Amino acid sequence: MTAQLEIQPIPGLDEVHHGDDLGAQIVAAAAVHGLEPGDGDVVVVSQKVVSKAEGRTRRLAEVEPGARAAQLAATLGKDPRIVELVLSESRRIVRASGGVLIVETHGGWICANAGIDFSNVPGAETATLLPRDADASARLIRAQLSAACGARPAIVVADSFGRPWRIGQTDVAIGCAGVVALDDWRGRRDALGDELSATAIAVADELAAAADLAREKADRIPAVLIRGAARWRTDDDGPGAAARLQRAAEEDLFR
């Protein structure tokens, strides 16, 4: 079974502030362009606007570096206030070398600088932090969308991550609701009838990456509508991205 996907950026969202009803804003912007989400659709939302709506922003002027942050900052050549923010958002440091600080966040994601980002954030030296629970964020946005338009599309909260052994970044899912995050083909048969033993497709990640191709980083378009992905959409919110896409420590060969 094949699927033809239609990927449409949703322009026109106003600047998002703490406490905003993000789902209602997405529906209002989509309606202007005839892109009202339907039950079988997927809406991919950038982490940054989710963090803004949840008040997950910090000004560096408010950050007081501790001794550990100061020591790491001197070794890495980084601003000690940024290092302090990274440490506060992390459960462990995975790698600190060559000016790079790779950590495991409290939410279990392994990424550079705990996902802290200063781009496209109003205010001098103001950063966004990752949502505390991006799966809960996705469930909330789905409920907000349903209240605003009556439909219950799937939601993917996406962020740009680097990848080991590969150059560049790609958007991945750090939260999702109403979508099959991982399509496990183990035990099924391939086209020749042979049993598959390792194939598990990271659907939520692929939807996040596909959505990113429909917009430019400087376009300030934080939401994208994907049509044609109904076979991966679920009525219930599901377990989310963290439960399905994070590799368990005992299965991680590189830990």
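Buried here means under 20% relative accessible area, exposed means over 50%, and partly exposed lies in between, using a 1.4 Å probe and protein chains only.

Some ground rules. This is a predicted model, in which local features need pLDDT of at least 70 and side-chain atom pairs count only at pLDDT 80 or more, while totals for chains, interfaces and linings use all residues. Residues are numbered from 1 along each chain as its sequence is written, and side-chain values use heavy atoms, with hydrogens and water left out.

Back to Ser51. Ser51 sits in helix 2, residues 47-53. Helices are DSSP runs of H or I with at least four residues, strands are runs of E with at least two, and both are numbered from the N terminus. Setting aside neighbours within four places in sequence, Ser51 touches Arg56, Thr128, Leu129, Leu130 and Pro131. A contact is heavy atoms within 4.5 Å.

Now the whole chain. How many helices and strands are there? The chain has seven helices and twelve strands. Its radius of gyration is 19 Å, close to the 18 Å that the globule rule gives for 255 residues, so the chain is as compact as a globular protein of that length. That radius is taken over C-alpha atoms, and the rule is 2.2 Å times the number of residues to the power 0.38. The C-alpha trace spans about 55 × 50 × 30 Å along its principal axes. Of the 255 residues, 42% are buried. Take the contacts between residues at least 6 apart in sequence: 60% of them join residues at least 24 apart.

Next, helix packing. Helix 1, residues 22-32, packs on helix 5, residues 134-149. Their axes are 7 Å apart, and the angle is about 50 degrees. Axes are lines fitted to C-alpha atoms, for helices over the stretch in contact, with angles from 0 to 180 degrees between N-to-C directions. Helix 1 and helix 5 are therefore oblique to each other. On this scale, under 35 degrees is roughly parallel, over 145 roughly antiparallel, 65 to 115 roughly perpendicular, and the rest oblique. The crossing of helix 1 and helix 5 is right-handed.

Nonpolar covers Ala, Val, Leu, Ile, Met, Phe, Trp, Tyr, Cys and Pro; charged covers Asp, Glu, Lys and Arg; the others, Gly among them, are polar.

The crossing is right-handed. Arg68, Ala69, Ala70, Leu72 and Ala73 of helix 3 meet Pro80, Val83, Glu84 and Leu87 of helix 4. The tally for this contact is seven nonpolar, no polar and two charged.

On to the strands. Where is Val224? Val224 lies in strand 12, residues 223-227. Val224 is buried, at 0% relative accessible area. Val224 and Val43 are 181 residues apart along the chain, yet their C-alpha atoms are separated by 5.7 Å. Beyond its sequence neighbours within four places, Val224 contacts residues including Ile7, Ile10, Val43 and Ala211.

Arg95 is in strand 4, residues 90-97. Arg95 counts as exposed, at 55% relative accessibility. Leaving out neighbours within four places, Arg95 contacts Val100, Leu101 and Ile102.

Asn113 is not a glycine, but has a positive phi of about 55 degrees. Asn113 is in the loop between strand 6 (110-112) and strand 7 (126-128). Trp165 also has a positive phi, near 70 degrees. Trp165 is in the loop between strand 8 (154-163) and strand 9. Trp165 counts as exposed, at 72% relative accessibility. Arg166, in strand 9 (residues 166-177), is exposed at 56%.

Definitions and conventions:
Left-handed = near helix turned anticlockwise from the far one by under 90°.
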